[in-house]
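Please read the following walk through one protein chain with the model open beside the text.

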Amino acid sequence: MNNKYRLAVTAVMVAVLAGCSGGAERRRQANQDFNYLETKPLGAWNLPAEAQASQVYDYAIPAQNFQGELGAGVDIRPPQQVLALIPGARAVKDADGVSLLLLKPEELTKVWQLTQRLISERNITLRSQSANAMETDWVNWTNEDEESEIGSRYLIEKSSEVNRYSYKISLIDWREGGKTTPVSAINKERYSILMTNLVMSRYDEQERELARLRAQELVKQIPISMGQDRSGLPVIIARAPYNVFWERLPNMLGQLGFTVEGRNRSQGIVEVKFRSPDDEFWTELGTQPIELDNRSYRLQLGDLGNRTSVNVTDTDGKPVTEEALKSMAPVFAAAIERANKS
């Protein structure tokens, strides 16, 4: 496994294995020590003479054999959680691994193809492959919570039934420090979820990139005009959703003599400093110059649903003149049109 893959694994493990810093001993650390293992077995209770027995069963421990680890074998790390990064998908954990129940067949196809691409990019060898299943060779993990390098093998499956589209990752083999050992229930769950989260994170990254590209297509045509806000004051109106125009605005401002010095998306504020380009620039753009002095300003964006309003104030919070706003509207429109042609 190459270094690039180790870095990716480490990044995800930092996010999903929170609370485990401090070395491998933290995963097994008791309260100070393991002296509780030296506790003497319970003995029979002998009643004093003439005493009457009175028993309360509220806290009685059932008499049976409980399966589990003791002492240093106890893993106290927080449980893993499957990242909820696919809208509508439901994660189901069982004794074998983790299943994702998806809403649409196209989502299953995307996840499966993404898994194949991820395996290829990370140079993970496959021992077998069919249309609906892949069995990996050893995948190595380096994690400070473990006492040695971990290796795991996975069976990745998909199935399509009527209104049920399932994607499953199961951990099928385990080794520590190069030695193959039986897979414990804790490790099976923990590292099945970890592999699932790698796929989920990549899916989310892919969807974000597609959304960004779609947004770029949407902003190619943004009509700009003058309008009024709810108070009747003049504002610039961009006929594009707020999130779309917000992404496009900084680059557009940078081409018009504005320097962006600060942004606050939740408040819709863009702090800028304006220095007007020369006459040749305005002639080439085909508009009159913006009627603003060379100084700092604040642009206030408003979300109007499928439109975005833009108001401009100086550093004292005083709105610029209506004439200044009217000079900016055609400049914004010309800058968008020029960008679409480039």
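Accessible areas are computed by the Shrake-Rupley method with a 1.4 Å probe, and for residues only the protein chains shown count as cover. On that basis the protein chain exposes about 20800 Å², of which carbon and sulfur atoms supply 49%. The model is predicted, so local features need pLDDT of at least 70 and side-chain atom pairs pLDDT 80 or more, while totals for chains, interfaces and linings use all residues. Residues are numbered from 1 along each chain as its sequence is written, and side-chain values use heavy atoms, without hydrogens and water.

The protein chain has six helices and 14 strands; these are DSSP runs numbered from the N terminus, helices being H or I with at least four residues and strands E with at least two. Of its 342 residues, 36% are buried, where buried means under 20% relative accessible area, exposed over 50%, and partly exposed in between (1.4 Å probe, protein chains only).

Helix α4 covers residues 242–254. Its 13 residues should span 18 Å at 1.5 Å a residue, and the end C-alpha atoms agree, at 19 Å apart; the expected span is 1.5 Å times one less than the number of residues. α4 bends by about 35° at arginine 248, with proline 250 following within four residues. The bend is the angle between axes fitted to the seven residues ending at a residue and the seven starting there. Buried residues of α4 include Trp246, Arg248 and Leu249.

Most residues other than glycine have a negative phi. Glutamate 50, in the loop between α1 (3–16) and β1 (90–93), has a positive phi near 70° and is exposed at 86% relative accessible area.
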